[in-house]
Amino acid sequence: MAEHIVVIGAGYAGLAAAKLAARWTDARVTLVNERDRFVERVRLHQLAAGQRLRELPLADLLGGTGVELVVDRVTGIDADTRQVRLTGGALTYDRLVYALGSRTDLGVPGAAEHAHSVSTAEDAEALAGALRTARAVTVVGGGLTGIEAAAELAESRPDLAVLLVTGGRFGAALSVKGARHVRAAFDRLGVRMRDHATVAEVRADGLLLGTGEHLPADAVVWTAGFRVPELAREAGFEVDAHGRLVVDETLASVSHPEVVGVGDAAAIRRPDGLELRMACATGLPTAQQAVRALASRLAGREPRPVRFRYVNQCVSLGRRDGLIQFTRADDSPVERVLTGRAAARYKELVVRGTVLFERHPVLPVG
């Protein structure tokens, strides 16, 4: 009897893993997701700015693959009986692919009550609604998500006063050229910046900084930090301090080898110890390699360890500008960058390419 692989989570990593597993193993594959749509998470700042995104039903993306789709919410995992508990029942698995992703960490006082995020389609739509009557918005977080959100909002709404607040030095993860271009883009778009500012509380009327200073805003967008579901910890799987599934060099759980971790919800390290960052650029390659390792195990072969290197970071700065920050293999920036409309087109091709990959995923060569 064929083994049953259950994949939980249909984000970039989970959807790709399910389709690859169905193609490259003899197992029966079931994909569980809370929604019946695939969400282009890297475009959610566009949705928040009032732009429409294309509909991508999971049933269409899975057509002809043999993957069974279950639209339901995972409420727990029983590692002893190998069952995934759902609101509407349970599924028994032989192998589990844990791909539940991440969401914005709203742990700062008042953030859960008063801040918006762009980590789900519902969050982005709620932010778009709040911005219809807003005149001033503050984006908290100077990472790529915060930069993209601030630029997109400012370009789409020239009447909106946009402020970006970050706890560290703005552009710390970028090269000198890269940070300079983002600053120039912000100047052009009218985005103000405030770095080295610690947020103590989010209020209905803005932010309270650690210094006691109040920064007024009609809406607050929180992009500073992410958290993962507690399901892995609650199941008794070994997790790191953030609750991410700890995996070995083949992406199998170190405590429960029948479980595979991919995407944001897994703590993935290269053989040299480098921890891979949460990103679509990490999720898709690790999904490929995880399924290749899983297929090897099922065929009685020794799986290969993860091989991974970074190439660049792609940042949109509205629809007509962008930054492609080229990096070393360890994700540290080099001074080489691509900017302007060419970078915007590059980023758009990458984003479209991810959906094309989800439609026709392949395993890595070599």
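Accessible areas come from the Shrake-Rupley method with a 1.4 Å probe, and for residues only the protein chains shown count as cover.

**View 1. The surface and overall size of the chain.** This is a predicted model, where local features need pLDDT of at least 70, side-chain atom pairs count only at pLDDT 80 or more, and totals for chains, interfaces and linings use all residues. Residues are numbered from 1 along each chain as its sequence is written, and side-chain values use heavy atoms, leaving out hydrogens and water. The protein chain exposes about 16,200 Å², with carbon and sulfur atoms supplying 50% of it. Its C-alpha trace spans about 60 × 45 × 35 Å along the principal axes.

View 2. A nonpolar core is a set of buried Ala, Val, Leu, Ile, Met, Phe, Trp, Tyr and Cys residues joined through side-chain atoms within 4.5 Å; buried means under 20% relative accessible area, with a 1.4 Å probe and protein chains only.

**View 3. A close look at L96.** Contact means heavy atoms within 4.5 Å. Setting aside neighbours within four places in sequence, L96 touches V6, I8, I77, V84, F237, E258, V259 and V260.

View 4. Across the whole chain of 366 residues, 53% count as buried.

Definitions and conventions: Buried means under 20% relative accessible area, exposed over 50%, partly exposed in between (1.4 Å probe, protein chains only).
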